[in-house]
Amino acid sequence: MSEQRSTQDGSWLGLMLVGLLFGSPVASVAQQDSCRGAAMAEAAEEVGILFVHARGETGSFYNPETMGSGVAWFDYDGDGWLDCYLVQSGPFPPSAEGSDEATNQLFRNTGDGRFENVTARTGAGERSYGQGVLGADFDGDRMPDIFLANWGVDRLLMNRGDGTFEDRTTESGVEVEGANGWSSGAALGDADRDGDLDLYLVIYVEHDPEQEPFCLHPSTGERWYCGPSPFEPKMDIFFRNQGGGVFKDETLESGFESANGKGLGVLFVDFNADNWPDVYVANDMTFNLLFVNKGDGTFEDLSLMSGVAVSRDGMPEAGMGVAVGDVDGDGDADMAVANFDVQTNTLYINQGDFYFEDTSAASGFGAASFNYVGFGLVMADFNRDGHMDFFNGTGHTVEISPRANVFYEQPDVLLLGDGKGNFAEPDCPLPNKRPSVSRGVAYADYDNDGDPDIGIQRSGRAFSLLRNDTQAGGWLGLRLWSETANSEGVGAVATLKTSQGVQKRWVIAGSSYQSSSDIRVLFGFDKDVEIHEVEVLWQSGKVQRILQPPLESYLTVREPL
């Protein structure tokens, strides 16, 4: 989150200025049938996910109280239906033994459109002051585990395979000690391509509640929450998987000596199609970081040279959520970062050779976020037209309005893409257009109907589930299956070839802000499109092609031995 500002510019005035200075969204996007497939319904209470986030605010303005928490979608019991894990936070400062108010909750998908709270019987109810969560297979036994990035000691809950979890934090080697430890989020990737998954953990800042800085509203003189500037950054940690879910800190040995920002978002993805995953880190008012995999499992910092460290005007931004995908149809991985208000969110278009262009203004991507503070950011084809779209959860960090027409509660933003790198808001409103305070966001096709639904953690408020009721278009889903320790095919690239063109999807474990989305691959397309084949490039380098795949279902694709 960024420093607060006192600039007097209203919401509509700010958007008009952005349009006048940098151009408006491309008309072809705005003129399309924007409501098609963008219809969503609030469904959390209906399906039985009853959860209210506790900030733990005390009146002492502890900075962690502003950050919210994450959501993870994964199939913990292997029944083919994605379950939902929600991270709890307060009270703050947390007690050593935790509290009932701070208990995370696991909701099992029963497969009939409902969820049941199974926290007590699964042992998944960790009680620390929670921030981020990553649900994925850490030890290669084909059962997703739960990694929790906390204020304080992080936790790794291993799936026993019988529907319960065991705390293996100490045995796994991922324990981060110290009262000042403040982890935000995590991502998994096979950095050395040895068949198991390595862990990158983003650390936000050094934080001691007994030394909380004192910040004042610039106009009213009232105390409010500080931005990141008073806090010292803290080094991220890269854990190398030693096999069997045991990890070793190899941060410096692997080339991450410059990973000393104020980290809030991270992902592993192959940006140059050499089949070696690179690492991108979104930092809060320090340079964002791009670490390029050198092909031996070690990394080189190309942040400034690549153009993704700063905004178009050369300034570091308040990076929070991150998302990756091919937004312009040229087959490589583009990237977006959610930022503070006035900065706007940033869209980086991959130009090849680790060079990216900031197209936030010209594409229409940035204007919609001008007056909002962006946190969770996800990219998926929400209206099944074959083009990537964005959903951004927004909400300010201070309850006192920082300037005219900017408020604590803010509306979330849906942007529909045209497949050429241009974006515009749909004409039809979201069901949650009423402002709130969104933080962690993750998507998942929880009802297996072929469109991405959206889970939103709201700071100090009830969890929101937007059920996607898309009727248009067709779809094809892939569930990757590997006999290696990378059992879910993380790092693989799936390509759908159709008469309309080519679509690509990257299999990613951990992204957005403090959250992890559906790890399965999902393609959407117009009904009249002819489907030719699906190609899967595995992390091992093996290539698999499926001619005329079955549609309207999830196809299990096994990596060749």
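Predicted model: local features only at pLDDT ≥ 70, side-chain atom pairs only at ≥ 80, totals over all residues.
1. Residues are numbered from 1 along each chain as its sequence is written, and side-chain values use heavy atoms, with hydrogens and water left out.

2. The volume of the largest cavity is about 450 Å³. Among the 36 residues lining this cavity, Met379, Tyr443, Trp506, Asp518 and Arg520 are the closest to its centre. A cavity here is a set of points, on a 1 Å grid over the protein atoms alone, where a 1.4 Å probe fits but cannot get out, and lining residues have an atom within 4 Å of a point. Grid points are joined across faces, edges and corners, and the volume is the space filled by probe spheres set on the points.

3. Which elements give two or more residues to the lining of the largest cavity? They are β20 (322–325), β24 (374–380), β28 (438–444), β33 (501–506) and β34 (521–525). Strands are DSSP runs (E, at least two residues), numbered from the N terminus.

4. By the same rule there are six cavities of 30 Å³ or more. Of its 15 lining residues, Phe268, Val269, Asp270, Gly491 and Val507 are the closest to the centre. Two or more lining residues come from each of β10 (183–189) and β16 (263–269).

5. Now for Ser515, which sits in the loop between β33 and β34. Ser515 is buried, as its relative accessible area is 2% (buried means under 20%, with a 1.4 Å probe and protein chains only). Leaving out residues up to four places away in sequence, Ser515 touches Gly70, Val71, Val133, Gly440, Val441, Ala442 and Gly510 (contact means heavy atoms within 4.5 Å). A polar atom of the Ser515 side chain lies 2.9 Å from the backbone oxygen of Tyr513.

6. Phe299 belongs to strand β19 (residues 299–301) and is buried, with a relative accessible area of 4%. Beyond four places in sequence, the residues that Phe299 touches include Phe256, Phe268 and Phe291. Phe268 is also one of the residues closest to the centre of the second largest cavity.

Terms used:
1 Å grid on protein atoms, 1.4 Å probe; cavity = no way out; pocket = protein on both sides within 12 Å on 5 of 7 lines; lining within 4 Å. Helix = DSSP H or I, 4+ residues; strand = E, 2+ residues; numbered from the N terminus. Buried < 20%, exposed > 50% of the residue type's maximum accessible area, 1.4 Å probe, protein only. Polar contact = N/O pair within 3.5 Å; in protein donor to acceptor, adjacent residues only side chain to side chain.
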